Structure formats: structure tokens, C-alpha cells
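Hi everyone, thanks for coming. Let me put the structure up, and then we can walk through some of its charged pairs together.

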Amino acid sequence: MDAIVALAKRRGFIFQSSEIYGGLNGFFDYGPLGSELKKNIRDCWWADMVRRRDDVVGVETSIIMHPKVWEASGHVAGFTDPLVDCKVSKQRYRADQLFFAAVVVDGKTVAYVSALESEKTTEELQSAAEALKRKKAIQGTLAPVAPKDFTEATPEEIPLIPSPATGEPGSLTPPRAFNMMFETSVGAMRDASSVAYLRPETAQGMFVDYKNVVDTGRVKLPFGIAQIGKSFRNEITPRNFIFRSREFEQMEMEYFIHPDADWLACHEEWLKWCQDWLKSIGLPESHLSLHEHPKEKLAFYSRRTVDIMFKYPFGVQELWGIAARSDYDLQQHQKFSGVPQVFFDEAAKAKVVPHVIEPAVGVDRIFLAVLASAYAVEDVKDEKGNVEQRTVLRLSPRIAPTKVAVLPLLKNKEALTNRAKALYAKLKKRYAVQYDDGGAIGKRYRRQDEAGTPWCVTIDFDTIEKEGDTFTLRERDSMSQKRITEAELFTLLEEQVY
Ligand code: GAP
């Protein structure tokens with residue numbers, strides 16, 4: 001993970017927000033290469049989800065909405081995480097990410113140990129228990145630890161559980177509900193009536209505009225409303241780089257279906273669509289898995305939720321949630337606004353409130369998954385047969401920030417640079433391309449490898465001296481080279497960049 005964070009900064013993919021002021025925890029900026037890559041992820045999703053489908057339309061709704069929206073949706077009352085304070089260190093933890101275990105020797109609890117959630121929580125708790133037994137010279141047989149998260153701690157256990165910050169018990173508070181919505185106020189007066197929220201999800205924009213779309217959009221059930229936009233959550237523990245941040249971007253789609261439709265089949269279809277789409281932008285199937293939320297842990301409005309999980313460098317984590325949200329949201333908005341949220345069922349000659357299947361994903365989480373799985377450091381041989389290392393980002397051409405780098409073999413040979421500049425100008429009209437004439441050709445290839453550019457085109461002496469006006473096309477992953485005409489280059493791009 002450290003190597004990926006370092007590359008992200010070195011090559012201008014991601015910077016810490018407000019870095020010159022020491023940064024702000026949970027906020028990030030995307031640099032020149034990063035903003036291109038992110039835009040490409042968004043554009044591919046929008047093209048596949050909205051423009052290439054006949055049953056999905058797009059919207060762009062405001063970030064700050066009427067505060068009643070969040071009362072109706074349940075966010076004011078229930079969009080909370082369980083927060084635990086350490087009174088000594090002033091650290092804050094999410095109770096469901098703070099684990100503890102009883103240290104049981106010969107069947108008797110002699111103390112407690114704690115650890116923060118990680119891939120190795122159980123191992124860490126076990127070795128903490130062994131260390132504690134050794135330190136206190138307790139004789140007897142230590143039982144294997146049985147980890148629980150802090151939400152399961154009893155009032156009697158809480159004072160006995162050590163804080164991860166100090167290692168001492170007695171300073172952790174019982175969990176309390178912490179609402180994650182960012183508050184702001186609208187207008188010149190600051191009082192209770194001016195309170196508003198930065199949206200914690202884009203989804204409510206689609207529900208609140210449902211009637212507008214039905215009345216104006218010539219849509220028929222089933223149909224979807226999609227949106228890409230920023231969301232904000234005051235996460236207690238933003239972590240793992242851009243994986244969990246406080247300002248992030250979501251791509252969500254609400255698919256409205258008839259209440260009598262086969263919602264389970266529809267849910268399965270979207271689950272497959274989302275997995276196929278992730279593969280289409282280059283995520284390896286081997287890193288994807290599914291997590292079905294157990295019935296007892298489903299959100300109260302959900303009939304079924306399945307997460308597509310991704311194997312990140314820090315463990316397998318949620319990438320994309322696909323939820324069957326029933327008619328909860330439309331019913332709530334109908335109740336709170338007094339405006340019917342219905343669809344006229346021509347066959348039954350009756351008004352129905354549609355149900356919803358919702359695929360909801362974070363752009364930043366896809367970005368991190370893409371970067372982590374594309375990153376490789378490998379040994380390669382240079383022209384003289386010497387082994388050297390190259391860093392390469394094996395990004396799909398669909399989302400690579402630069403599609404082609406145009407390289408004149410020599411910087412000071414006008415016949416070469418003129419041809420290179422002409423090709424560059426032509427390519428630039430349709431694709432993100434770079435012109436690079438600085439340094440040895442091998443160095444320029446390495447620079448492009450590290451930025452994830454799938455192809456380099458070198459304008460060399462064969463281009464200007466031989467018949468056919470061909471260039472050397474160098475392929476990033478195989479490093480193979482072949483000669484290609486301009487027309488063939490455009491055909492290649494047409495096929496691979498869509
Ligand atoms: N409308 C449903 C909804 O928002 P969610 O599971 O809370 O569901 C959907 O969020 C997706 O948004 C997640 O699967 C994840 O990809 C992304 N996401 C959620 N919280 C995030 C955060 N703090 N930072 C980055 N991405 C986040």
C-alpha cells in the first residue's frame with residue numbers, strides 16, 4: 001500500500017488536501033493524472049449506465065437539499081455510527097472497528113485485551129493475551145481468544161477493556177450514536193430554521209426528483225435514474241487512503257420496478273451487470289467476491305443487500321453495494337411531502353408506488369482498486385541485456401489517463417519532430433495524448449509505463465525515410481514493438497478506448 005500511495009503522489013495522481021497547511025484528515029485532491037483517470041472512470045460508467053441503455057436516464061441534483069428530505073429518508077434519526085472516546089488519549093474509535101477479548105486462563109477471566117480491526121485482529125488479540133499472561137506471570141492454560149466488537153461489550157466489561165491508545169483499562173466510554181451528516185446553514189440567519197446538511201448519499205436526489213422525471217421523461221416501468229456526484233460523511237475514522245474519506249464521489253442508480261415484478265431476478269441482473277462492468281474497466285476477476293448481508297444485519301428498508309468486495313492491499317473490503325430497497329424511500333417522501341410518488345399502471349388501470357433496486361458505488365473506491373491491481377514492479381532487460389526494474393500501471397485503455405504518447409526519436413531533427421507534432425495534433429482532437437521528446441527513448445517508455453499509458457508511438461528514421469509512413473508502436477504490458485500506420489493506430493484506439 002505504501003508503494004501505491006508514494007506513486008500516487010510522485011506521479012500526480014492524488015495529493016493530500018490542503019497539504020501546505022498540514023492536510024485535513026479524510027480529504028484528498030486529484031492531480032493532473034488522477035483527475036483524468038477519475039474522469040475516465042466516471043465517463044465509462046455514465047456511457048454504459050445511461051447513454052448506452054434505453055431504460056436509464058441521468059440527473060444532477062443539488063448537494064444541499066431541503067432538510068425535510070433527510071428526515072423523510074431516516075438520515076436525521078438514524079445515519080449514525082457508534083462512537084467510543086478514550087478519555088485519556090482523546091482518541092475516538094468506531095465501536096464496531098474496536099475489538100476486544102477476555103483473557104481466559106484455566107476457565108477464569110483474568111483481564112481483557114483490545115485491538116483495532118485489521119486482517120489480523122484475532123492474531124493480534126491472541127498475542128496480546130499471551131504477552132499479558134507472561135507479564136503478569138499467570139500460571140495455567142490460556143484459552144484461544146474469542147474476539148467481539150465493542151458494541152457487544154457489557155456495561156460490566158467496558159471499564160475493564162484497555163484503550164488501544166494507552167493499553168490501560170478504564171478510559172473508554174460506552175458507545176454513543178454519532179450522526180455522520182455534515183451540518184451547515186442556509187441564508188444570512190443562523191438559527192434552528194436555517195440548518196441544512198451536505199448530502200451523505202446521492203440517492204435521495206433521485207427519489208426526490210422521481211415525480212419530475214416521470215412527468216417529463218416519457219419513462220415506463222422498469223426504468224432507472226442515475227447520478228454521479230459528491231457525498232459527504234463525517235466519518236469517525238477515515239482511513240486506508242481514499243478508501244474511507246469524508247468527501248467522496250458516488251455513482252448511484254435507482255431502478256424503479258413494478259411492485260409485483262420479480263425483484264429478486266432484477267437484483268441478480270444488476271449484480272451481474274456491476275461485476276461485468278468492473279471487469280470491463282480492467283479489475284481482475286480474481287480480486288472480486290460477493291458478500292451477502294445476513295438477514296439480521298440488513299438495513300431496515302432493505303429486502304436484500306449484496307456487496308461486491310475487492311481484495312485491497314489492506315484486506316477484502318466493500319466496493320459496490322447492490323440493495324433491494326423496496327418502496328421505502330418513495331413511501332417516505334410521499335408521507336413527508338404529501339405529494340403522491342406513484343406510477344400509473346396502464347394494464348391494471350391503477351396507481352402503484354414502485355419498488356427500487358439500487359447499485360451504489362464510490363468512484364474513489366474504484367480508483368483505489370484500479371490503482372492497486374494495476375500496479376506492478378518487475379525485472380526487465382534493457383537493450384544491452386542488463387536487468388533493471390520497471391514500475392508499470394497496467395491500466396485498461398478505457399480508463400488510462402493518457403492513451404498514447406507520441407515520441408520523436410530525436411528532439412533536434414525537424415523531419416522527425418514535424419511528423420510527430422502532426423500526428424500528436426490529430427490524435428489530440430479525440431484522445432488524451434502526450435508529446436514527449438525529453439531524454440533517451442528507454443527512459444521515456446519507463447515514464448509512460450509508470451503513468452499507465454497503454455501505447456507509445458515512436459517517430460523514427462524509418463518513418464521519414466521509408467515508404468508507407470509507419471511508426472513504431474510499443475505496447476506497455478508486453479513491451480513488444482511493431483510497425484503501424486496512422487490509420488491502423490486510429491482503428492486500434494477506436495476498438496480499445498470506448
Ligand atoms: N445510497 C446507498 C449508499 O449510499 P453506502 O453503502 O453507504 O450506500 C455506497 O455507500 C458506496 O459508496 C459504498 O459501497 C462505497 O463504494 C462508497 N462509500 C461509502 N462511504 C464512503 C466513504 N466514506 N469514502 C469513500 N467511499 C464511500
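Let's start with Arg 304, which counts as buried at 13% relative accessibility. Buried here means under 20% relative accessible area, exposed means over 50%, and partly exposed is in between, with a 1.4 Å probe and protein chains only. A quick word on where this comes from: the model is predicted, so local features need pLDDT of at least 70 and side-chain atom pairs count only at pLDDT 80 or more, while totals for chains, interfaces and linings use all residues. Residues are numbered from 1 along each chain as its sequence is written, and side-chain values use heavy atoms, with hydrogens and water left out.

So, which side chain does Arg 304 meet in a salt bridge? That is Glu 268, at 2.8 Å from N to O. By salt bridge I mean a side-chain nitrogen of Lys or Arg within 4 Å of a carboxyl oxygen of Asp or Glu. The pair links distant parts of the chain, 36 residues apart: Arg 304 sits in strand E15 (residues 304-312) and Glu 268 in helix H8 (residues 263-280). Those labels are DSSP runs numbered from the N terminus, with helices (H or I) of at least four residues and strands (E) of at least two. Glu 268 itself counts as partly exposed, at 38% relative accessibility.

Now, how many salt bridges does the structure hold? There are 43. Another one joins Glu 450 to Arg 11, with the closest N and O atoms 3.2 Å apart. Glu 450 is in helix H12 (residues 441-451) and Arg 11 is in the loop between helix H1 (2-10) and strand E1 (14-16), so this pair ties together parts 439 residues apart in sequence. Is Glu 450 buried or exposed? It is buried, with a relative accessible area of 15%, and Arg 11 is partly exposed at 22%.

Next come Glu 117 and Arg 239, whose side chains meet in a salt bridge at 3.0 Å, N to O. These two are 122 residues apart, with Glu 117 in the loop between strand E7 (108-116) and helix H5 (121-135), and Arg 239 in the loop between strand E12 (223-232) and strand E13 (247-257). Glu 117 is partly exposed, with a relative accessible area of 32%, and Arg 239 is partly exposed too, at 24%.

Last stop, please find the network of salt bridges that links several residues, among them Glu 378, Arg 390, Arg 446 and Asp 477.
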